[in-house]
Amino acid sequence: YLYFRSKEEVLLALHERDIEQFFGRMVQRAQQTEPMQIADLAKLVTDFVSISSTFLPLSSVCMGLMERHIPHDTAIAFKERIYERLGNALAALQRQFPTLTHLNMMQAYALTLGLWQLLQQNRLHQAAKLPSSLCLEVINEDNFLQILNDSLMTLFKGLLVPQELPA
């Protein structure tokens with residue numbers, strides 16, 4: 001608490017560190033001379049999720065904290081810094097994927113976080129010994145990263161691969 005006013009601001013700073021590392025990896029990969037494919041972009045996301053034990057949990061927590069427990073000026077400053085990092089990553093990725101937009105990046109983030117949150121509900125059901133949910137049959141610890149990768153591939157293909165118009 002030497003540098004932060006509350007534990008919520010500590011969590012926000014930790015989350016910002018994760019985001020900085022994530023976007024840093026994106027920029028680093030996009031700047032390589034080897035062309036990126038959609039599979040590389042999806043793998044970049046799933047690889048980071050798999051090595052960072054805090055990225056998705058802090059994403060989930062910070063989304064809730066932002067509106068209720070973080071001072072307005074701190075939240076706005078955080079969002080501005082994240083938006084700047086997102087812009088830098090997007091600019092680097094657009095060299096590889098010219099049609100990629102801020103909205104597309106937010107869609108990928110929402111998909112990633114949403115799938116992870118569904119997995120957390122399964123854990124809650126298991127801990128409470130509730131009957132198995134339909135979701136548990138679809139997504140679990142063993143297949144989460146594969147489902148995430150497949151889902152991101154579907155999203156990116158739909159967004160980034162030019163569609164042929166029917167004749």
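Which helices each supply at least two residues of the lining of the largest pocket? Helix H1 (7-30), helix H2 (38-51), helix H3 (55-68), helix H4 (72-94) and helix H5 (102-127) do. Keep in mind that this is a predicted model, where local features need pLDDT of at least 70, side-chain atom pairs count only at pLDDT 80 or more, and totals for chains, interfaces and linings use all residues. Residues are numbered from 1 along each chain as its sequence is written, and side-chain values use heavy atoms, with hydrogens and water left out.

**View 1. The whole protein, for orientation.** Helices (H or I, at least four residues) and strands (E, at least two) are DSSP runs, numbered from the N terminus. Of the 167 residues, 40% are buried; that word means under 20% relative accessible area, with exposed being over 50% and partly exposed in between (1.4 Å probe, protein chains only). Take the contacts (heavy atoms within 4.5 Å) between residues at least 6 apart in sequence: 72% of them join residues at least 24 apart.

**View 2. The largest pocket.** Its volume comes to about 580 Å³. Of the 23 lining residues, Ile 19, Phe 23, Ile 82, Met 106 and Tyr 109 are the closest to the centre. The lining splits into 19 nonpolar, 2 polar and 2 charged residues. Here Ala, Val, Leu, Ile, Met, Phe, Trp, Tyr, Cys and Pro count as nonpolar, Asp, Glu, Lys and Arg as charged, and the others, Gly among them, as polar. A pocket is an open set of points on a 1 Å grid over the protein atoms alone, where a 1.4 Å probe fits, with protein on both sides within 12 Å along at least five of seven lines; lining residues have an atom within 4 Å of a point. The volume is the space filled by probe spheres set on the points.

**View 3. The aromatic cluster.** Ring pairs tie Phe 22, Phe 23, Phe 48 and Phe 55 together into a cluster, and the structure as a whole holds 4 aromatic pairs. Phe 22 and Phe 23 make a tilted pair, 5.5 Å centre to centre with 45° between the planes. Rings of Phe, Tyr and Trp (its six-membered ring) pair if their centres lie within 6.5 Å; planes under 30 degrees apart are stacked, over 60 edge-to-face and the rest tilted. Phe 22 counts as buried because its relative accessibility is 9%, and Phe 23 is buried too, at 10%.

**View 4. Thr 112 and its surroundings.** Thr 112 sits in helix H5 and is buried, since its relative accessible area is 3%. Not counting residues up to four places away in sequence, Thr 112 touches Val 45, Val 49, Leu 56, Phe 144, Leu 148 and Leu 152. Thr 112 and Asn 149 are 37 residues apart in sequence, yet 9.2 Å apart in space, C-alpha to C-alpha.

**View 5. Phe 144 in helix H7.** Phe 144 belongs to helix H7 (residues 144-160), and its 6% relative accessibility is why Phe 144 counts as buried. From Phe 144 to Leu 118 is 26 residues in sequence and 10.0 Å in space, C-alpha to C-alpha.

**View 6. Asn 104 and its partners.** Asn 104 is in helix H5 and counts as buried because its relative accessibility is 7%. Its side chain makes a polar contact with the side chain of Gln 107 (3.2 Å). A polar contact is a pair of N or O atoms within 3.5 Å; within protein, one must be able to donate a hydrogen and the other to accept it, and residues adjacent in sequence count only if both atoms are side-chain atoms. Leaving aside neighbours within four places in sequence, Asn 104 is in contact with Thr 99, Leu 159 and Leu 160.
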